[in-house]
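Here are my notes on the model you sent over. Keep the viewer open and click along as you read.

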Amino acid sequence: MSDLNLFMPCAAGAETLLAEEVQRITAREAKAHRAGVTLQASWRDAMLLNLHSRLAQRVLIELTNAPYRGEVDLYSVATAVAWEDWFDVKRTFKVEITAQHSPLKSLNFAALKIKDAIADRFRDKRGERPSVDTQRPDIRIYAHLTAERVTLYADTSGEPLFKRGWREDKGEAPLKETLAAAMIAASGWQADTPLYDPCCGSGTIAIEAAQIACGIAPGSLRRFAFEKLLPFDAKPWQLLREEAKARHHAPTAPVFGSDVAFRMVDFARRNAERAGVAHAINLRGGDALQRMPPSDTPGVMLVNPPYGERIEAAGVAGRERAQAEGGGDFFAQLAAHWKAHYAGWNAWVLTPDMKLPSRMRLKESRRVPMWNGPIECRLFRFDMVKGSARKDAA
Ligand SMILES: C[S@@+](CC[C@H](N)C(=O)[O-])C[C@H]1O[C@@H](n2cnc3c(N)ncnc32)[C@H](O)[C@@H]1O
């Protein structure tokens with residue numbers, strides 16, 4: 001089990017960051033592709049990556065990659081995989097299928113063929129077949145079809161890795177934990193500098209940052225599908241968990257979050273408790289347009305601000321908008337507030353609005369493409385140097 005081919009999907013835009021993270025966790029070289037990375041690794045690495053990766057959506061083991069032209073080929077390719085080496089006939093399973101430029105008419109039918117092949121192979125080798133469970137399968141098999149090739153993977157993660165196990169209270173538009181982690185990684189924040197999210201909602205960015213500052217592994221609260229795969233051995237896994245736990249420490253950097261909605265701050269507090277970082281985050285209520293810097297030392301602001309009709313800015317900007325149509329643009333006011341009070345801070349703002357810098361009348365010093373699910377966004381960096389960041393009004 002030392003020569004597995006792993007594929008780790010991630011949000012588009014986070015591939016290079018994920019390759020760097022993989023290198024940090026396993027000391028292995030990963031190759032970035034669109035929306036994921038590949039690497040050669042051991043079974044131990046696969047467990048380590050599930051436990052420690054903040055950016056990957058899941059960790060998949062490639063079982064085969066072969067040419068195909070129709071469903072009959074898919075059946076033969078899937079029959080040739082030694083499924084009985086990977087899971088026991090008592091486990092339930094499900095085949096998930098994705099495709100890019102596949103000539104096949106029905107992906108459902110293609111998935112059915114692969115499912116039949118797995119069941120028939122078990123019947124042939126073990127005399128009985130495992131059952132399918134489409135809701136909560138023990139084992140998930142992923143099939144990916146391109147125009148000419150099919151790849152089959154065994155999923156080692158189960159629930160996607162953004163489900164860390166601490167979020168029960170959600171806000172209106174919570175960020176996925178993996179995307180919050182990608183924002184933190186892209187910002188280059190080091191856990192010796194203050195970090196502040198002034199529109200923290202249910203606290204995702206602050207909680208991810210606080211776990212980093214406390215050395216807490218993102219997967220420490222959850223279970224993984226690899227525990228149900230046959231190569232799994234509980235002892236080395238227990239060791240990896242204990243090693244991870246031994247690395248917990250007091251926070252190395254102060255982390256702050258605030259939100260105009262007190263209900264959100266409550267959610268964030270409860271989430272932080274479950275995530276084991278209540279002691280490491282300072283959460284307050286308050287309007288981002290009025291809150292003063294939470295620390296004397298300038299640090300990094302990371303913001304997933306309210307936007308669009310679903311999540312409008314509340315607080316001062318909201319009241320002004322209600323009073324006078326066109327008055328009180330939240331972002332222009334936020335920029336003015338930051339310029340007046342946040343000299344020395346670097347603010348990173350995630351937004352689908354490509355014109356945000358001109359709305360804020362600020363010139364960005366970095367713009368990083370990032371996808372929030374299907375929504376193309378930019379993570380803009382603004383360096384708050386008093387007065388001098390103002391863009392030429394023209
Ligand atoms: C897109 S959501 C942030 C979601 C958050 N990243 C999470 O994962 O839950 C935007 C947040 O901005 C807050 N908000 C709106 N107007 C605000 C203001 N003037 N000051 C501070 N927060 C504000 C909303 O209450 C909402 O929680």
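1. **What kind of model, and what is in it?** One thing to keep in mind from the start: this is a predicted model. Its fold is built from 11 helices and 14 strands. With a radius of gyration of 24 Å, close to the 21 Å given by the globule rule for 394 residues, the protein is as compact as a globular protein of that length. Laid along its principal axes, the C-alpha trace spans about 75 × 50 × 35 Å.

2. Of the 394 residues, 52% are buried.

3. **Contacts across the sequence.** Take the contacts between residues at least 6 apart in sequence: 78% of them join residues at least 24 apart. Keep that in mind when you click on a residue and see which others turn up beside it.

4. **The main core.** Which members of the largest nonpolar core touch the most other members? They are Phe-87 and Val-277, in a core of 96 residues. Helix 5 (residues 177–187) gives this core its largest share, seven residues. Apart from this core lies another one, of 22 residues, including Tyr-196, Cys-199, Leu-289 and Val-303.

5. **A closer look at Val-277.** If you skip the neighbours within four places in sequence, Val-277 is in contact with Ile-207, Ala-210, Gln-211, Cys-214, Ile-216 and Ala-272. Remember Ile-207, Ala-210 and Gln-211 from that list, as they come back with helix 6, where they are among the buried residues.

6. **Helix 5.** Is this helix enclosed or open? It is largely enclosed by the rest of the structure, because 10 of its 11 residues are buried. Among them are Leu-179, Met-183 and Ile-184, but also Glu-177 and Thr-178. After the helix comes Gly-188, with a positive phi near 70 degrees.

7. **Helix 6.** Nine of the 10 residues of helix 6 are buried, so the rest of the structure largely encloses it. Glu-208 and Gln-211 are among the buried ones, along with Ile-205 and Ala-209. Packed against the buried residues of helix 6 are helix 5, helix 8 (262–274), strand 8 (195–197), strand 9 (255–259), strand 10 (281–285) and strand 11. Gly-215 follows the helix, and its phi is positive too, near 65 degrees.

8. **Two phi values to check.** Most residues other than glycine have a negative phi. Ala-35, however, has a positive phi near 60 degrees. You will find Ala-35 in the loop between strand 2 and strand 3 (36–41), and it is partly exposed at 26% relative accessible area. His-101 also has a positive phi, about 60 degrees, without being a glycine. His-101 lies in the loop between strand 5 (93–99) and helix 4 (107–126), and at 71% relative accessibility it counts as exposed.

9. **Pro-251.** Look for Pro-251 in the loop between helix 7 (234–246) and strand 9. Its relative accessibility is 33%, so it counts as partly exposed. Leaving out residues up to four places away in sequence, Pro-251 touches Ala-213, Cys-214, His-279 and Ala-280. Pro-251 and Ala-213 are 38 residues apart in sequence, yet their C-alpha atoms are 4.9 Å apart.

10. **Glu-29.** Last stop: Glu-29, in the loop between helix 1 (15–26) and strand 2 (31–33). Is Glu-29 buried or exposed? It counts as exposed, because its relative accessibility is 66%. Even so, Glu-29 touches Gln-23, Thr-38 and Leu-39, not counting residues up to four places away in sequence. Ala-347 is 318 residues from Glu-29 in sequence and 31 Å from it in space, C-alpha to C-alpha.

How values were computed:
Residues numbered from 1 in each chain as written. Predicted model: local features only at pLDDT ≥ 70, side-chain atom pairs only at ≥ 80, totals over all residues. Heavy atoms only, no water. Core = buried A, V, L, I, M, F, W, Y, C linked by side-chain atoms within 4.5 Å. Buried < 20%, exposed > 50% of the residue type's maximum accessible area, 1.4 Å probe, protein only. Helix = DSSP H or I, 4+ residues; strand = E, 2+ residues; numbered from the N terminus. Contact = heavy atoms within 4.5 Å. Rg over C-alpha atoms; globule rule 2.2 N^0.38 Å.
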